Structure formats: C-alpha cells, structure tokens
There are 2 protein chains.
Amino acid sequence: MTLFEKYPVSITNSLSGKKELFTPLKSPFVGLYSCGPTVYNEVHLGNLRTFTAFDVVYRYLTHIGYKVRYVRNITDAGHLTNDAGEGVDRIEESAKLEQLEPMEIVQKYTFSFHEVCRIFNILPPSIEPTATGHIVEQIEMVKKILANGYAYEVNGSVYFDVRKFMEKYKYGELSGRNIDELLEGTRELDRQDEKRHAVDFAIWKAVSPNHIQRWPSPWGEGIPGWHLECSAMGTKYLGEQFDIHGGGMDLKFPHHECEIAQSIGAYGKAPVRYWMHANMLTVNGEKMSKSKGNSFLPRELFTGSHPLLAKAYSPMAVRFFMLQSHYSSTLDFSNEALQAAEKGYKKLSNALGTIKKLDHPGGAGKQDEELLKLIDEAYRNMSDDFNTAKTLAVLFEMSSRINDIKSGNYRLTDLDADAFQKFKSAYITFMEDVLGLQEEGSQNQELLDGVIRVMIELRKKARTDRNYALSDKIRDDLKALGVQLMDGKDGEISYTIE
Amino acid sequence: MTLFEKYPVSITNSLSGKKELFTPLKSPFVGLYSCGPTVYNEVHLGNLRTFTAFDVVYRYLTHIGYKVRYVRNITDAGHLTNDAGEGVDRIEESAKLEQLEPMEIVQKYTFSFHEVCRIFNILPPSIEPTATGHIVEQIEMVKKILANGYAYEVNGSVYFDVRKFMEKYKYGELSGRNIDELLEGTRELDRQDEKRHAVDFAIWKAVSPNHIQRWPSPWGEGIPGWHLECSAMGTKYLGEQFDIHGGGMDLKFPHHECEIAQSIGAYGKAPVRYWMHANMLTVNGEKMSKSKGNSFLPRELFTGSHPLLAKAYSPMAVRFFMLQSHYSSTLDFSNEALQAAEKGYKKLSNALGTIKKLDHPGGAGKQDEELLKLIDEAYRNMSDDFNTAKTLAVLFEMSSRINDIKSGNYRLTDLDADAFQKFKSAYITFMEDVLGLQEEGSQNQELLDGVIRVMIELRKKARTDRNYALSDKIRDDLKALGVQLMDGKDGEISYTIE
C-alpha cells in the first residue's frame, strides 16, 4: 500500500469551491502546473508565498509516492501591463528603463529568481518552459482556436471571441464573475476598438517594428498573448487535460479563466481538473503595493534593509512563517509575526539537529503508540489540502518529545527501537523533504563545533581543578560571542548559538 | 583615458593564428559569444575549463571599461551524436535512458550546470538563449540560405551545400582543413545518401513522429541543425557581424567552420572578427574520456569521490589551477598539480583577507614605484591575450608585499597613502572581479574567528601564569582540529586553518 493510498489527498478545488478527493487521471502520474514569474523585475514576497505553496504541494505529492511532472513557466514575452492584453509590454518597458536588450532583462531577473528559489529552498520544477521557447506551439494553438471559430483577426492581432464562446460554453465559472454584465459593460479602453467586446482578449498581438521582441506569424509580426503562453506550455508538457493547476489568487481572473476558454476553444475540453489558488500576503494588515512603500523583496528580508523591517530574518524563518498558515488563507506580515516564526523555526531546527545525532541502542521497549500517532497525524494533516499549519503543530509536539529524549526525561531504552527509528525518520522527512526546512548555517559548523567542544573540555577541567575564575571566564567570553553553555544533569555541557 | 585605451587588448585570433590588436566594431560595445553546454548530461572538467576561460575574458573586458554583451547559449535540442548532424539525438537518448521527457532532461542538466557555475564563480552571461527558444529564428535562417542557393532540401531535411558555397567562398579557413580532400573523399556514412557530399551538413533535419522533440517547418516536422543554433542566436543578439566568438578547441571543426559558412550563406558576410579557442584538459597526460575512466565531474572534485583523486579540492583551488596556464595551452590535471594549486590559491587568498583589513594611517610617504609597477604589469599581462598565468605571477609578488606589510617588514607609514590605496584596490579587483577568486568559507567565519581568539587569549594568560600544561594543551587541541597557532615576534599570536 502506497502512502497516497493510505493517506488519500483532498484538495480545495477553486472550480467547485469545495474540498474534493484527489484522483489523478493516470495514477501514479500527476501533472502539476503553476504560473511562474514574469521576469521583468525581482519577485516580491507575495510571489514567493505562491511559489513556496506549490513547492510544498510538489514535495508532498512526490513524497507520498506520486510521479509528479511539475511544470512552472517563465514568462519572458507577451506580458502587457493590463490583463486584457493591452498597454505596455512589461519586459520591453524594463529593457528601455535599464537600457538593455529584452533578453538581457529576462536573463537578469531569471537568474535573480533562481537565486531566490535556491535561498528559500524552493525546488526546481521538472520543466521550466519559457514563453519565447514556445512561439511555434502558441502560433499553432492560435490557428486551432481560429479554425474552431472562437477567435477573430483584426490588423494582424488575433482576439478570443468570448461572446461566441459563451454560445456553447460557460465563461467565468472559476472566478464566479458575472460575464453578462461585463459583456454589456460600456467600459472600453483606448485603442481597444479592434476588439468586439471589452472581455475579449488578445491571443496574438501585432506589434510595430520598433518593438524589439517580435516573431513572424501567419498574421504578421507580433507577440503571443500572455494568457495563451500557459495554455500552450501546459498542453505541450502535461497534455490537453491534466490534474492540478496552481497560481496566486490574483491570477484567477482573467488569466486562468482565459486559459480554460482557450483550451476548450482549441481542444474542446477543460484543461484542468483541480484548480488551486494561493492567497495574498498583506503587510501590517494592508495589501502589499509599491505605492504604499510596504512592498519588499525577499533579499531585503534577510539583509533587513527596508524601513518596515525591524531586523534581518533568515530565509528559513521566512519559509517557516509562510507555512504557518494554510495556503488558502491570507497571511499578514509583521515584525512580531516574523520574530515569533524565527523562534518557532529555531525550536524545530534545533530538534532536527538533535534527533539526527540520536541513535537507539537497539532492543524492544514498549511500542510507543504516542510517537506513531504523531506521524500518522502529520500525514493526515498534509493530505488534508496540504495543511502545513496543522502539520507544523504536530512537528512542535514531536520536537518536545525529542527534547525530552535529549534531556533524559524520556529514555530511549524505554522506547521500541523500531518505533524510534520511524519517528526519527518521519521528523527528518517532514522537516527537510516535505516542508523544505533545512538547518541553517552548516558551513564551518563542524570546525566551530570542534573548537567550542575543546573549550567546554577546558572548562570542565578548570572546574575539576577548582579554578573557577578560569571556568567563569570561558563561560563569559563565549557568552559575549553569543555562545551559551548549558549544564546538563549528567555533568555534560551542551551549547546553543544565538 | 579609459583602461582599455591605456592597456589595449591583443587576442590570438584563430582565423589568422596570430596575436592581433583588438578593435571592437562599435567601441565601447563588445559582442562576445561562447558555445555553452548541450544539456544532456553533467558538464565535465574540460567544459568547465572553457567556461572559466571565457568568464575571465568577459570579466576583464568589462573591468577595463567595455560594455560587453556576453551571449552563452544552452543547446537543448538538435545536437546529434556525430558532428555531421547524423546519428542519435543526445537529449532524446538521455530522455529514453532516464525515462524522462526531453525537457525534463534539459531542466535537470541546465540546473546542474548553473549550480556548477555558481560554485566555480562563473558569472551568468548577459543572455543565455536556448535552441528550443529560437526555432522561429532558425527556420527563418534556413529559408534565407535556401533562397541564396547554398542549401538543398531532401525528404524534409535541408543540407548546407558546401561545394556550391566553395564556388564563391572559402570553407575550412578557421580549422585549416583541406576541404578539397574531404570533398573527394569516399567516406560515406550510413543513411547519408540524402547528402550530395560527405562534408555537407544538416541545417534542418526531418524526424519521425516518434521523436518527441520536433517542430513544424516549411519542410515538414523536424529539428534544427546543431551548427545552425549558434548562428541564429549569435545573429539575433549580437548582429550579423560581431566581435568575439569563443569555444573549446574541439568545436573548431566542423562546428565553428559551419557557423561561418551558414552566416555567409545567409547574410553574405563573415559573422565573427576574432575567434578564440580554449585548449583541452588532459589527465595525467592523457586525453579525458569516459572509456578510459579518467573523466570526472566538477562535483567529484570537491567531494574527492573519484578513484583518480587523492583528496577533495575546493572549487577556488580548481579555478586557480585552471587560470595558472594560458587558455590556449593544454592543461594537465594531476593530484600534484592540484595540490600545488591549492597552496598557491591559499597564499593569494590569505593575502586578500589580510589586505582587506589593512588601512593606511594617511599621509604621504615615499611614492612607492614598485607597487605601482606591479599594478601596471597585471594590466599588461591581462591585456596580452588574457594571460592569467602571468597575472597570477604578479599577484604572488603583490601578496609577498602584503605579507611584508603585515609582518612589519614593510611599514605602511613609509608608503604613500594614495599609492597604498591603489595597490589595495588593484589586488582586490584582480582577485575578485577579474579572476573571480573569492575567499572561501566566510560563513560562520566571524564566530569561528571570535572563538579561536578567545582561546588564544586563554593561552596567553596560561603562559603568563606559567601554566605550560594548559597552554600546550590549547595549542595541541587546536592543532588536532587543523587550527595552527603561530607565535609572532611581538608576542602576538595568529592562526591559520588547514
């Protein structure tokens, strides 16, 4: 029996608004798509939350035995400043501002995005396709939609015909928008006269020759529509219909709604069975935005270089903070919350360091039901719509047991060797593999540990020699450096680093 | 006067075989292209040498004031196992072996390549285009070559017509091959009957529907020719003619020769003004190859996990080792050479740590001509065809001066403050910016340093107290951990870490 059979996963499907049992199309294979960054500037903390949420989905599904193909794209063309596929091209605009070729902008921010992922321990996806890498596939898909009658061409641009689509299919189901109202609405944007209705959107957009990024197409030179990119790449690597599609809440409408319409328009079927949306990150109760000055970058978090930040926070503390709430709840950032997360993470991380060094002497003690029950709970919580908040609560309980074992309140010999091994392995797995919470600062750690151990031995000897002046000096000097010595019951001395 | 005017660069141009003065087409802009990896397995040490060589070219040209656009591609399609554009598709083959979709192979090894670059401090290029991201551009280029009469189509594949090309242009100039002989040669490969001559090469290759990677084209479904990728991407980002094209010596023929022919065939002009080739890496005097078992991966170097490696070597020691010889010379890997490099790197790196902490008290001493002369020499060496070997020799001289200053043999107050500042800044710049040699292991370094300083103080006190047993114990315990204490003339104790 695989873990995914023992702990069946349920997912809150944005399509139904309900928690549904997850049954992949071709178990044990799972197709997972999540919308990646538009690489025209640095990802902000809100993006990071979304990427972390789907990183955990990918990690957990893989851990319980699914063969997951995880596709997370890079949008490096075609993303215009407004969602209707109008306005300024984001990458072209940054290129002008920074006096770089658009692909230099793409390279700069793709690199920076990958750095952020590495620092926050967000795994690389199975495939990371780019929009510019799939121009051919996007043109082919536009051709299909045109051939099926759900799009029209005007002056070299091709628009999706929402009204025509609605004669046969529903539009707006995912976001619950009242599209009839939108259709009747009179709000028309400048230069939008090409479109038959305001809700129509570009799937191919003609551009003038001074637009650096442009490709030849049957309709003249242009760029692909932003919504179309994800449809073309999702279809190419996961098929015309696949299991899970994720993204930030702000992408529900129109981006994901458009993806659904495009796929139905091209292939006659809904592309995705489970839609998942990660909720927003607020800062001190307010929506993050550049104009409010409350928007900061991941990098600013661990350097502390933003007026709103009381101090620097480590990447793992931030990751812990994000996992402390369910992905579908809003998450509010504040210095207090981050400092609490820092303490919480340190507690779990210390227990991780402890249990890695603990070994059972062997032999059968009592079968410890409580420890095994905790493992079971951790799985149930994760399988329950990836509830990282509840899973962390279980890990805290586990860490208390680990500390009890360490302090001798709970003796290893009273425990069953096999039960202890399961417990140890589960704690390490949930921390590192499932939640991606690593121990921090392991570089030079061994040597540092060695040198501190030498000092502890010196101090022990000083005490045996009744040289209390020396033993106190060692303790105080280390304390001044942030190294706290702790005397154990058995005369053993351990230490923590602030 | 800019640095590149003061120290004009000369480059050994593979086209002429001679050292030539470097004059960019549109100074201060420089277009630099180097062939990147085919991401179907992990890059090996020989690749790493090439990437390091052009990383230094990019770094130095940028440092002396050029605005460099550095393009290094990723080959993620179309690279067949033999250079004539026949045989098995490398990425498809790995995909079958590893039971992954070709783009999963691409993602896996692109990620691993980027990790290796990060670890060896190889900078990301300005643009890192992929072959799959430029299918449209490649098809357009094939069309142009066909229209100009330098290619022919057979069964959905398009071949470059070398004999036709030679009626008007030269082929083989870069590599010095006698193409007439090749043309008359009878060596024909299996399934090559489509080609008119053995030297012809595919610029578009028809593939069967069971080939996963394939794109529609005017000639049917297929894949781009490997040689064509670099031509299309170089042209797109650097223009029809650009300054420098680099790569490994093994790419001279046919890859670079084909690039030249394709560009002339499409645009009527030679694409590159300065061709540079990094030479091969041998192992204990023999060519690296998988069959000989003497081929190891960068990762194996710093874990020491290969039978040929006596120990693990740090990434910076390996980088130093590669820079110790000129890029155009063969470089022989041996444990002895690596261990010597390790010592050399450590000497320079220690001096780097030292000079960063040294500050001149201010004031005018004698203007130290010798120090300024060393800076001048470093520039002359780098401008002389990027001679990193000679530059390192200068840095060794500089490091001796730094040690003299540290030990007090050379007193800062005897030096002119301004001259010292120039010297300090030059040493740091050449080490970190130009050669990319960082100090290693700076994480936790501060705390470690603090704890060791506390122990040194304890030892001093023990000696003052005539407690020689304690003072010896501290020295011996630290030594056992690899920390060597050194007594200075003035009673000061310093330390080194093995």
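In this predicted model, the contact between the two chains involves 34 residues of chain B and 34 residues of chain A. On the side of chain B that touches chain A, the elements giving two or more residues are helix 4 (102–119), helix 5, helix 16 (445–464) and helix 17 (468–480) of chain B. Helix 16 of chain B gives the most to this side, with 8 residues, and the residues of the side as a whole divide by class into 18 nonpolar, 11 polar and 5 charged.

Two helix pairs of chain A can now be followed in turn. Helix 5 (residues 135–147) of chain A and helix 8 (residues 226–238) of chain A have axes that come within 9 Å and cross at roughly 100°, and because angles of 65 to 115 degrees count as roughly perpendicular, the two helices are therefore described as roughly perpendicular to each other. From helix 5 of chain A, the contact takes in A:Glu137, A:Gln138, A:Met141 and A:Val142, while helix 8 of chain A brings A:Leu228, A:Glu229, A:Ser231, A:Ala232 and A:Lys236. Divided by class, the residues of this contact are 4 nonpolar, 2 polar and 3 charged.

The second pair consists of helix 14 (residues 388–407) of chain A and helix 15 (residues 417–434) of chain A, which pack at an angle of about 135° with their axes 11 Å apart. That angle makes helix 14 of chain A oblique to helix 15 of chain A, and the crossing of the two is left-handed. Here A:Thr391, A:Leu395, A:Met398 and A:Ile402 of helix 14 of chain A meet A:Tyr427, A:Phe430 and A:Met431 of helix 15 of chain A. By class, this contact has 6 nonpolar residues, 1 polar residue and no charged residues.

Some details of the backbone of chain A also deserve a look. Most residues other than glycine have a negative phi, and most peptide bonds are trans. The peptide bond from A:Ser27 to A:Pro28, however, is cis, with omega near 5°, and A:Pro28 is found in the loop between strand 2 (18–21) and strand 3 (29–34) of chain A. The peptide bond from A:Phe253 to A:Pro254 is likewise cis, with omega near 0°, but A:Pro254 has its place in helix 9 (residues 252–267) of chain A. As for phi, A:Gln99 has a value near 50°, which is positive in a residue other than glycine, and A:Gln99 is placed in the loop between helix 3 (90–97) and helix 4 (102–119) of chain A.

Methods: Residues numbered from 1 in each chain as written. Chains lettered and ligands numbered in written order. Predicted model: local features only at pLDDT ≥ 70, side-chain atom pairs only at ≥ 80, totals over all residues. Axes fitted to C-alpha atoms, helices over the stretch in contact; angles between N-to-C directions. Helix = DSSP H or I, 4+ residues; strand = E, 2+ residues; numbered from the N terminus. Parallel < 35°, antiparallel > 145°, perpendicular 65-115°, else oblique. Left-handed = near helix turned anticlockwise from the far one by under 90°. Contact = placed C-beta atoms within 7 Å. Nonpolar A, V, L, I, M, F, W, Y, C, P; charged D, E, K, R; others polar.
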